[in-house]
Amino acid sequence: MQLEDVDVGNRRITVGGHVRPLDDLTRHAVLDWFGHRRNRWPNTANSHLLITQKTAVELGPAGKLWTTRATRNLTATLERLRVDRQLEEALTHGADPLHLALVFGIDEKTAILYADSARQLLQADLEADPACSPRTHGSTPDSGSPEPSGSR
């Protein structure tokens, strides 16, 4: 990814040629990275989003080995973060597979699986605590489902 792939002002990010909305969590992470990058390598000409001490004086991207090492031994792996982010999006936007496919650029079958999982979690929360029903939270079918009250 290049620096120009992140449009913080318009809250968009381009990943693999697909323009997607930039959610708050990713926006804050990108802004933190931009600050770190600017302080650590203020004179770099490297236009790649992710750079290292070595690539800051070159024009190439950070290698896959660097990203793998940077995330090794973390409880929150990139795969877990991706899965959690997609499920959270499904929970907060009414388990809509079309929305998931648009936001994440995922296959419709994958989007349907996430939407089904979100519906099951939402239904389980409603069965466990009827006070979580959309009527008590002031939600309407058009505004999406309430966030789940329990843990996932």
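## Packing of H3 and H5

In H3, Arg-82, Val-83, Gln-86, Leu-87, Ala-90 and Leu-91 meet Tyr-114, Ser-117, Ala-118, Leu-121 and Leu-122 of H5, contact meaning heavy atoms within 4.5 Å. By class, this contact has eight nonpolar, two polar and one charged residues. Ala, Val, Leu, Ile, Met, Phe, Trp, Tyr, Cys and Pro count as nonpolar, Asp, Glu, Lys and Arg as charged, and the others, Gly among them, as polar.

H3 spans residues 78-92 and H5 residues 108-128; their axes are 9 Å apart, at an angle of about 65°. Axes are lines fitted to C-alpha atoms, for helices over the stretch in contact, with angles from 0 to 180 degrees between N-to-C directions. Helices (H or I, at least four residues) and strands (E, at least two) are DSSP runs, numbered from the N terminus.

## Basis of the model

The model is predicted: local features need pLDDT of at least 70, side-chain atom pairs count only at pLDDT 80 or more, and totals for chains, interfaces and linings use all residues. Residues are numbered from 1 along each chain as its sequence is written, and side-chain values use heavy atoms, with hydrogens and water left out.

The chain averages a pLDDT (the predictor's confidence in each residue, from 0 to 100) of 80, and 84% of the residues score at least 70. Mean confidence is lowest in helix H6 (residues 134-137), at 44, and highest in strand E1 (residues 6-7), at 94.

## Lining of the largest pocket

H3 also contributes the largest share of the lining of the largest pocket, seven residues. Strand E2 (12-15), strand E3 (18-21), helix H1 (24-40), helix H2 (64-71), H3 and helix H4 (97-104) each supply at least two lining residues. The lining divides into 17 nonpolar, four polar and six charged residues.

## Thr-44

Thr-44 lies in the loop between H1 and H2. Apart from neighbours within four places in sequence, Thr-44 contacts Arg-37, Ile-51 and Ala-56.
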